[in-house]
Amino acid sequence: MTALDFPQRRATALALLLGLGLAPPAGAQTPASAGQQLATKYCAYCHVVTPSGSGGWTNAPAFQTIAGNKQFTAASLSAFIQTQHEKMLNTGRPRNESDDIAAYIISLRRQ
Ligand code: HEC
(Lines give C-alpha, C1' and ligand atoms only; values in the text may rest on other atoms or scores of the structure.)
Protein backbone atom coordinates (compact mmCIF):
# COMPACT_ATOMS: atom_id res chain seq x y z
CA MET A 1 0.00 0.00 0.00
CA THR A 2 1.41 3.38 -0.92
CA ALA A 3 0.85 6.50 1.08
CA LEU A 4 -1.29 7.77 -1.77
CA ASP A 5 -4.01 5.17 -1.77
CA PHE A 6 -4.42 5.05 1.99
CA PRO A 7 -6.93 7.92 2.26
CA GLN A 8 -8.93 6.33 -0.51
CA ARG A 9 -9.19 3.06 1.38
CA ARG A 10 -10.25 4.91 4.45
CA ALA A 11 -12.94 6.66 2.43
CA THR A 12 -14.14 3.29 1.13
CA ALA A 13 -14.29 1.87 4.63
CA LEU A 14 -16.21 4.91 5.80
CA ALA A 15 -18.65 4.60 2.91
CA LEU A 16 -19.21 0.95 3.80
CA LEU A 17 -19.91 1.82 7.41
CA LEU A 18 -22.32 4.54 6.38
CA GLY A 19 -24.02 2.15 4.00
CA LEU A 20 -24.52 -0.33 6.83
CA GLY A 21 -25.94 2.46 8.94
CA LEU A 22 -28.57 3.09 6.30
CA ALA A 23 -29.94 -0.46 6.46
CA PRO A 24 -33.00 -0.63 8.72
CA PRO A 25 -31.98 -1.81 12.20
CA ALA A 26 -33.20 -5.30 13.00
CA GLY A 27 -35.25 -3.93 15.87
CA ALA A 28 -37.37 -1.88 13.47
CA GLN A 29 -39.08 -5.01 12.20
CA THR A 30 -42.53 -5.74 13.52
CA PRO A 31 -43.16 -9.19 15.00
CA ALA A 32 -45.48 -9.95 12.09
CA SER A 33 -42.92 -9.05 9.43
CA ALA A 34 -40.25 -11.07 11.20
CA GLY A 35 -42.77 -13.90 11.45
CA GLN A 36 -43.49 -13.75 7.75
CA GLN A 37 -39.79 -14.18 7.01
CA LEU A 38 -39.53 -17.12 9.39
CA ALA A 39 -42.64 -18.72 7.93
CA THR A 40 -41.29 -18.32 4.41
CA LYS A 41 -38.16 -20.09 5.57
CA TYR A 42 -39.64 -22.89 7.65
CA CYS A 43 -43.27 -23.40 6.69
CA ALA A 44 -43.65 -22.64 2.99
CA TYR A 45 -42.63 -26.15 1.94
CA CYS A 46 -46.03 -27.29 3.04
CA HIS A 47 -48.24 -24.28 3.74
CA VAL A 48 -49.39 -21.40 1.59
CA VAL A 49 -47.78 -18.73 3.73
CA THR A 50 -48.81 -15.46 2.06
CA PRO A 51 -52.36 -14.94 0.81
CA SER A 52 -51.13 -14.71 -2.80
CA GLY A 53 -48.44 -17.35 -2.37
CA SER A 54 -48.25 -20.59 -4.26
CA GLY A 55 -49.09 -23.89 -2.64
CA GLY A 56 -46.67 -26.15 -0.85
CA TRP A 57 -46.45 -29.83 -1.60
CA THR A 58 -48.87 -31.04 1.03
CA ASN A 59 -52.52 -30.40 1.78
CA ALA A 60 -51.54 -28.33 4.81
CA PRO A 61 -54.03 -25.51 5.37
CA ALA A 62 -53.07 -22.06 4.04
CA PHE A 63 -52.02 -19.63 6.76
CA GLN A 64 -54.94 -17.42 5.75
CA THR A 65 -57.27 -20.34 6.45
CA ILE A 66 -55.61 -20.97 9.81
CA ALA A 67 -55.98 -17.25 10.59
CA GLY A 68 -59.69 -17.53 9.88
CA ASN A 69 -60.11 -20.19 12.56
CA LYS A 70 -61.38 -18.13 15.49
CA GLN A 71 -60.43 -20.88 17.93
CA PHE A 72 -56.81 -19.84 17.53
CA THR A 73 -55.37 -16.95 19.50
CA ALA A 74 -51.84 -15.64 19.10
CA ALA A 75 -50.94 -17.49 22.30
CA SER A 76 -52.45 -20.83 21.30
CA LEU A 77 -50.93 -20.62 17.83
CA SER A 78 -47.54 -19.85 19.31
CA ALA A 79 -47.87 -22.85 21.62
CA PHE A 80 -48.79 -25.05 18.65
CA ILE A 81 -45.84 -23.78 16.64
CA GLN A 82 -43.46 -24.66 19.46
CA THR A 83 -44.47 -28.28 19.05
CA GLN A 84 -43.23 -30.33 16.16
CA HIS A 85 -45.94 -31.50 13.75
CA GLU A 86 -46.04 -33.82 10.77
CA LYS A 87 -42.85 -35.35 12.20
CA MET A 88 -40.86 -32.52 10.67
CA LEU A 89 -38.05 -31.15 12.79
CA ASN A 90 -38.27 -27.58 11.60
CA THR A 91 -41.98 -27.30 12.36
CA GLY A 92 -41.25 -26.86 16.08
CA ARG A 93 -39.84 -23.38 16.57
CA PRO A 94 -38.40 -21.77 19.70
CA ARG A 95 -40.62 -19.40 21.63
CA ASN A 96 -39.17 -16.14 20.27
CA GLU A 97 -39.77 -17.32 16.72
CA SER A 98 -43.14 -18.96 17.33
CA ASP A 99 -44.50 -15.72 18.82
CA ASP A 100 -43.52 -13.83 15.67
CA ILE A 101 -44.94 -16.48 13.36
CA ALA A 102 -48.18 -16.51 15.37
CA ALA A 103 -48.34 -12.70 15.15
CA TYR A 104 -47.92 -12.98 11.40
CA ILE A 105 -50.67 -15.60 11.03
CA ILE A 106 -53.05 -13.54 13.19
CA SER A 107 -52.24 -10.49 11.05
CA LEU A 108 -53.74 -12.35 8.08
CA ARG A 109 -57.09 -12.57 9.86
CA ARG A 110 -59.73 -10.59 8.04
CA GLN A 111 -61.60 -7.89 10.02
C1 HEC B 1 -43.83 -31.04 6.33
C2 HEC B 1 -44.89 -30.14 6.01
C3 HEC B 1 -45.20 -29.04 6.98
C4 HEC B 1 -44.36 -28.05 7.43
C5 HEC B 1 -42.90 -27.81 7.07
C6 HEC B 1 -45.17 -27.22 8.29
N7 HEC B 1 -46.43 -27.72 8.39
FE8 HEC B 1 -47.93 -26.96 9.51
N9 HEC B 1 -49.14 -28.48 8.92
C10 HEC B 1 -48.83 -29.42 7.96
C11 HEC B 1 -49.99 -30.27 7.72
C12 HEC B 1 -50.06 -31.42 6.72
C13 HEC B 1 -51.01 -29.80 8.58
C14 HEC B 1 -52.42 -30.33 8.72
C15 HEC B 1 -52.40 -31.40 9.77
C16 HEC B 1 -53.75 -31.82 10.12
O17 HEC B 1 -54.71 -31.07 9.86
O18 HEC B 1 -53.84 -32.89 10.74
C19 HEC B 1 -50.44 -28.69 9.33
C20 HEC B 1 -51.11 -27.96 10.29
C21 HEC B 1 -50.67 -26.81 10.87
C22 HEC B 1 -51.40 -25.99 11.80
C23 HEC B 1 -52.77 -26.33 12.38
C24 HEC B 1 -53.86 -25.89 11.48
C25 HEC B 1 -55.21 -26.21 12.05
O26 HEC B 1 -56.18 -25.57 11.58
O27 HEC B 1 -55.31 -27.07 12.93
C28 HEC B 1 -50.64 -24.91 12.09
C29 HEC B 1 -50.97 -23.75 13.03
C30 HEC B 1 -49.41 -25.05 11.36
N31 HEC B 1 -49.45 -26.21 10.63
C32 HEC B 1 -48.38 -24.15 11.39
C33 HEC B 1 -47.15 -24.37 10.80
C34 HEC B 1 -46.03 -23.46 10.94
C35 HEC B 1 -46.07 -22.14 11.68
C36 HEC B 1 -44.98 -24.01 10.26
C37 HEC B 1 -43.58 -23.46 10.12
C38 HEC B 1 -42.86 -23.22 11.36
C39 HEC B 1 -45.46 -25.26 9.69
N40 HEC B 1 -46.77 -25.43 10.04
C41 HEC B 1 -44.68 -26.10 8.93
C42 HEC B 1 -47.63 -29.58 7.35
C43 HEC B 1 -46.50 -28.81 7.58
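At what angle do helix 2 and helix 5 pack, and how far apart are their axes? In this predicted model, the two helices pack at an angle of about 100°. Their axes lie 7 Å apart. Helix 2 and helix 5 are therefore roughly perpendicular to each other. On the helix 2 side, the contact is made by P31, A32, A34, G35, Q36, L38 and A39. On the helix 5 side, the contributors are E97, D99, D100, I101, A103, Y104 and S107.

The chain contains five helices and zero strands. Its pattern along the sequence is α-α-α-α-α. Of its 111 residues, 19% count as buried. Contacts between residues at least 6 apart in sequence were also examined. Of these, 50% join residues at least 24 apart.

Helix 5 spans residues 95–107. It has 13 residues. From its first C-alpha to its last it reaches 18 Å, close to the 18 Å expected at 1.5 Å a residue. Several of its positions are buried: E97, S98, D99, D100, I101, A102, Y104, I105 and I106. The list includes acidic residues, E97, D99 and D100. The buried residues of helix 5 pack against helix 2, helix 3 and helix 4. Helix 3 covers residues 63–68.

Helix 5 also packs against helix 4. Two packed helices are described by the angle between their axes and the distance between the axes. The axes of helix 4 and helix 5 come within 8 Å and cross at roughly 130°. That makes helix 4 oblique to helix 5. The crossing of this pair is right-handed. Helix 4 brings A74, L77, S78 and I81 to the contact. Helix 5 brings S98, D99, I101, A102, A103, I105 and I106.

In soluble globular proteins, nonpolar side chains tend to be buried together. The largest nonpolar core here has twelve residues. They are A39, Y42, C43, V49, F63, L77, I81, I101, A102, Y104, I105 and I106. Helix 2 (31–42), helix 4 (74–81) and helix 5 each supply at least two residues of this core. Helix 5 gives the most, with five residues.

The loop between helix 2 and helix 3 was examined at two positions. Y45 lies in this loop. With 14 C-beta neighbours inside 10 Å, Y45 counts as partly exposed. Y45 and W57 are twelve residues apart in sequence, yet their C-alpha atoms are 6.4 Å apart in space. A60 is placed in the loop between helix 2 and helix 3 as well. A60 is partly exposed, with 18 other C-beta atoms within 10 Å. Leaving aside residues up to four places away in sequence, A60 touches C46 and H47.

Helix 4 holds A79. A79 is partly exposed, with 15 other C-beta atoms within 10 Å. The C-alpha atoms of A79 and P94 are separated by 9.7 Å. The two residues are 15 apart along the chain.

The loop between helix 4 and helix 5 contains E86. K87 is placed in that loop too. Most residues other than glycine have a negative phi, and most peptide bonds are trans. Phi of E86 is near 55°, a positive value in a residue other than glycine. Phi of K87 is likewise near 55° and positive.

Technical notes:
Residues numbered from 1 in each chain as written. Predicted model: local features only at pLDDT ≥ 70, side-chain atom pairs only at ≥ 80, totals over all residues. Core = buried A, V, L, I, M, F, W, Y, C linked by C-beta atoms within 7 Å. Buried ≥ 20, exposed ≤ 12 C-beta atoms within 10 Å, placed from the backbone. Helix = DSSP H or I, 4+ residues; strand = E, 2+ residues; numbered from the N terminus. Expected span 1.5 Å × (residues − 1). Contact = placed C-beta atoms within 7 Å. Axes fitted to C-alpha atoms, helices over the stretch in contact; angles between N-to-C directions. Parallel < 35°, antiparallel > 145°, perpendicular 65-115°, else oblique. Left-handed = near helix turned anticlockwise from the far one by under 90°.
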